[in-house]
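Biologist: Could you take me through this one? I would like to know what stands behind each label.

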Amino acid sequence: MAYENIDAELINELLGDGRASLRSLAEELDVSVTTISNHLQDLEEGGVITGYTPTVDYDKLGYDVTAVLQLKAEGGSLPDLAERLGAHDQMISVYEVTGDYDIIAIGKFHDTDHMNTLIKELLGDADIAESATSVVLNAAAENEQFDLNTD
C-alpha cells in the first residue's frame with residue numbers, strides 16, 4: 001500500500017466497520033498494526049475522527065416522523081437559537097444557512113402529536129420570527145457518509 005493514501009484508506013475501512021480491530025485493519029491495508037495504531041492516533045488527535053458511534057434506525061425505535069423545520073431568527077439571536085435547537089433531544093441536525101431562512105433543523109418524532117408539541121413550543125420562542133415545517137415522506141438517503149478519494 002502507498003503510504004500517502006493510508007489515512008484515507010484507513011478512514012474508508014472504518015466507515016465500513018467502525019469496530020474493526022487494529023489487526024484486521026492492518027491486514028486489509030497490508031501494513032503493520034503499529035502503523036495503523038499510529039495513523040489512527042494521529043487522526044483522532046487531529047480531530048479528523050471524532051468518535052465511534054452506532055448508526056441507529058430511529059424508525060425501529062418508534063420515531064416514525066421526520067420533520068424539516070425552516071426558521072427565521074429575530075435580530076442577532078441566530079447563534080443562541082441554533083444552540084438551543086441543537087440541545088433538543090429530537091433534533092438530529094441543526095444548520096445555520098443562507099437563503100430565505102436562517103436555520104434548517106431536522107427532527108425525529110414518535111408521531112405527529114409529538115412533533116406538533118415541539119413546534120408549538122418553538123413558535124412561542126420570541127427569537128423565532130417565522131417558521132415552515134415539512135414532514136418527510138420517504139428518506140432516500142439518511143446518515144450517509146462517503147468514502148474518501150484515494151487517487
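Modeller: Gladly. In α3, the buried residues are T35, I36, L40 and L43. This is a predicted model, where local features need pLDDT of at least 70, side-chain atom pairs count only at pLDDT 80 or more, and totals for chains, interfaces and linings use all residues. Residues are numbered from 1 along each chain as its sequence is written, and side-chain values use heavy atoms, with hydrogens and water left out.

Biologist: What makes T35, I36, L40 and L43 of α3 buried?

Modeller: Buried means under 20% relative accessible area, exposed over 50%, partly exposed in between (1.4 Å probe, protein chains only). T35, I36, L40 and L43 therefore fall under 20%.

Biologist: How do you know that the buried residues of α3 line one face?

Modeller: Seen down the helix axis, they fall within an arc of 125°, so they line one face of α3. That arc is taken from the directions from the axis to the C-beta atoms. On the other side, T34, D42 and E45 are exposed.

Biologist: What covers the buried residues of α3?

Modeller: The cover includes α1 and α2, where contact means heavy atoms within 4.5 Å.

Biologist: Why are β2 (91-96) and β4 (128-135) called edge strands?

Modeller: The open sheet has 4 strands in the order β2-β3-β1-β4, with antiparallel pairing. β2 and β4 each pair on one side only.

Biologist: What makes β1 and β4 a pair?

Modeller: Two strands pair if DSSP finds at least two bridges between them. β1 (residues 65-73) and β4 are joined by 7 bridges, so they pair.

Conventions:
Helices (H or I, at least four residues) and strands (E, at least two) are DSSP runs, numbered from the N terminus.
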